[in-house]
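Please read them with the model open.

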Amino acid sequence: MPASVTVIDYQAGNIPSVTKALRACGADVRIAATPDDLRFAAHIVLPGVGHFSATRVLHESGMADAIRERVSAGSPFLGICVGLQWLFEGSTEAPETHGLSVFPGTCDRFPGTVKSPHVGWNSIERVRPSRILCDIPDPCFVYFTHSYSAPMIEATVASTNYGRQFTAAAERDNWMAVQFHPEKSGEAGLQILRNFLEVPRC
Amino acid sequence: MLTRRIIACLDVHAGRVVKGVQFLDLMDAGDPAELAIRHAAGGADEIVFLDITATHQERGILLESVRRAAERIFVPLTVGGGIRSLDDARQVFDAGADKVSINSAALGRPDVISEIGARFGSQAVVVAIDARRGPTAPELAEVFSSGGRRATARRVMDWAREAEQRGAGEILLTSMDADGTQAGFDCPLTAAVADAVSIPVIASGGGGNAGHFTQVFTAGRADAALAASIFHRGISDARTLKQQLASDGIPVRLPC
């Protein structure tokens with residue numbers, strides 16, 4: 001039976017790209033626009049590009065609580081790009097918008113010494129064993145596009161260097177997140193999505 | 001380390017690729033989706049479809065190609081040509097594109113840059129600039145619109161800065177002087193624009209051999225370069241091109 005995955009639509013960009021990549025990995029993809037749509041979600045993906053303030057709607061709509069509930073009930077969660085940043089306490093991009101505070105720390109703009117946004121293929125390097133990076137070469141090139149990045153934390157499993165070292169991927173229990181776009185990172189990206197789909201509910 | 005990107009560009013006319021490498025073993029060597037898939041497999045870091053007719057009737061044909069390509073390529077896909085409004089852009093994104101490239105429409109109504117950026121994010125908005133300077137200094141290069149047919153009396157440097165301020169995520173800079181010559185990119189112009197803005201600059205026009213790409217990534221300070229007519233028997237795909245760049249010390253995505 002194909003893995004069932006629910007992608008959260010909060011009007012922040014690349015839903016088609018993410019769903020196409022997940023389908024190419026053999027997943028049965030559903031779209032969730034309301035907390036109710038999450039009730040039976042097995043695996044949850046929170047994509048996102050654009051401004052951190054777009055995540056405000058997740059709190060306002062009750063989606064944030066629904067996500068917490070499902071993930072505590074055992075559903076693996078994958079945040080992509082802004083979806084990773086949202087798991088932290090917040091971002092200086094939109095100081096009035098709170099993150100979910102699953103991970104400690106605040107996302108911040110790249111230093112003025114490098115071009116921003118950080119766009120293109122950069123390498124990720126493993127700092128800890130990881131389920132979603134299983135069978136991925138180390139280092140490995142993946143596609144990034146962002147102006148803000150997350151600090152290095154205990155849950156960081158891979159880092160990237162651009163102006164400073166930042167969290168490229170993080171994992172703790174059922175919470176998983178990547179700053180890059182696996183749906184746009186060629187074969188390596190698809191393997192990361194397949195790895196996520198294979199993380200068992202627990 | 002952030003690598004320099006090789007972007008395969010396919011010029012599409014009435015739903016058919018009219019420029020770019022023709023793979024002999026393809027069932028349909030003019031099909032944009034098939035060619036895009038082949039370029040992605042050949043190591044291209046990104047794919048661009050440039051719709052060079054972009055009439056209203058043909059828009060649907062292009063969207064179908066985008067849809068078919070997006071099902072099977074998992075590197076960034078940009079679509080340009082004839083995108084005049086937020087609604088045009090939305091159709092392209094819904095079909096599976098990751099970025100739109102806008103040119104004349106942005107010159108005519110610059111607000112369209114911020115409108116698309118506000119809804120789909122700055123990373124999804126590439127502002128394409130067609131530049132001509134003849135023998136004058138790069139700072140005096142002029143912007144042309146309507147596929148290079150109309151002079152606008154605007155300086156390229158000013159327009160690039162304005163596009164960045166309005167929320168463009170990248171600049172696609174085509175040198176009309178160099179385009180079609182296969183004699184090398186306009187490196188001084190590319191470097192001047194790359195220094196004027198903090199967003200990435202994609203160089204286009206004039207790349208005829210691997211050495212030209214090395215030059216535009218060093219002297220031209222380009223973040224990415226568009227590849228079209230370079231693909232021929234000697235350099236059959238982006239992977240081969242990038243292997244040559246790597247031997248020149250340019251950071252590229254390899255293996256790919």
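1. Helix α1(A) is largely enclosed by the rest of the structure, because 7 of its 10 residues are buried. Those residues are Ile15(A), Ser17(A), Val18(A), Thr19(A), Lys20(A), Ala21(A) and Leu22(A). Please keep in mind that this is a predicted model. Just after α1(A), Gly26(A) has a positive phi of about 90°.

2. What does α1(A) lie across? The helix, residues 15–24 of chain A, lies across β1 (4–8), β2, β3 and β4 of chain A, and its direction is at about 170° to β1(A). Helix α3(A), residues 63–72, lies across β1, β2, β3, β4 and β12 (175–178) of chain A, running at about 120° to β12(A).

3. The strands named above belong to an open sheet of 9 strands in chain A, with the order β2-β1-β3-β4-β12-β11-β10-β7-β8 and mixed pairing. At its edges are β2 (28–32) and β8 (140–146) of chain A, each of which pairs on one side only. On average, neighbouring strands of the sheet are turned by 30° against each other, direction ignored.

4. Strand β3(A) is worth a look. It runs parallel to β1(A), and 3 bridges join the two; in β3(A), Ile44(A) is the bridge partner of Thr6(A). Another 3 bridges join β3(A), residues 43–46, to β4(A), residues 77–80, and this pair also runs parallel. Here the bridge partner of Ile44(A) in β4(A) is Phe77(A).

5. Are the faces of β3(A) covered or uncovered? Both are covered: His43(A) and Val45(A) are buried on one side, and Ile44(A) and Leu46(A) are buried on the other. In general, side chains in a regular strand alternate between the two faces of the sheet.

6. Chain A also touches chain B, with 27 residues from chain A and 35 residues from chain B in the contact. The area buried between the two chains is about 2,300 Å², and carbon and sulfur atoms give 55% of it. Lys20(A), Lys115(A) and Trp121(A) supply 30% of the area that chain A buries against chain B, more than any other three residues.

7. On the side of chain A that touches chain B, two or more residues each come from α1, β7 (118–126), β8 and α5 (186–198) of chain A. The largest share, 6 residues, comes from β7(A).

Key: Residues numbered from 1 in each chain as written. Chains lettered and ligands numbered in written order. Predicted model: local features only at pLDDT ≥ 70, side-chain atom pairs only at ≥ 80, totals over all residues. Heavy atoms only, no water. Pairing = 2+ DSSP bridges. Helix = DSSP H or I, 4+ residues; strand = E, 2+ residues; numbered from the N terminus. Axes fitted to C-alpha atoms, helices over the stretch in contact; angles between N-to-C directions. Contact = heavy atoms within 4.5 Å. Buried < 20%, exposed > 50% of the residue type's maximum accessible area, 1.4 Å probe, protein only. Buried area = accessible area lost by both parts, 1.4 Å probe.
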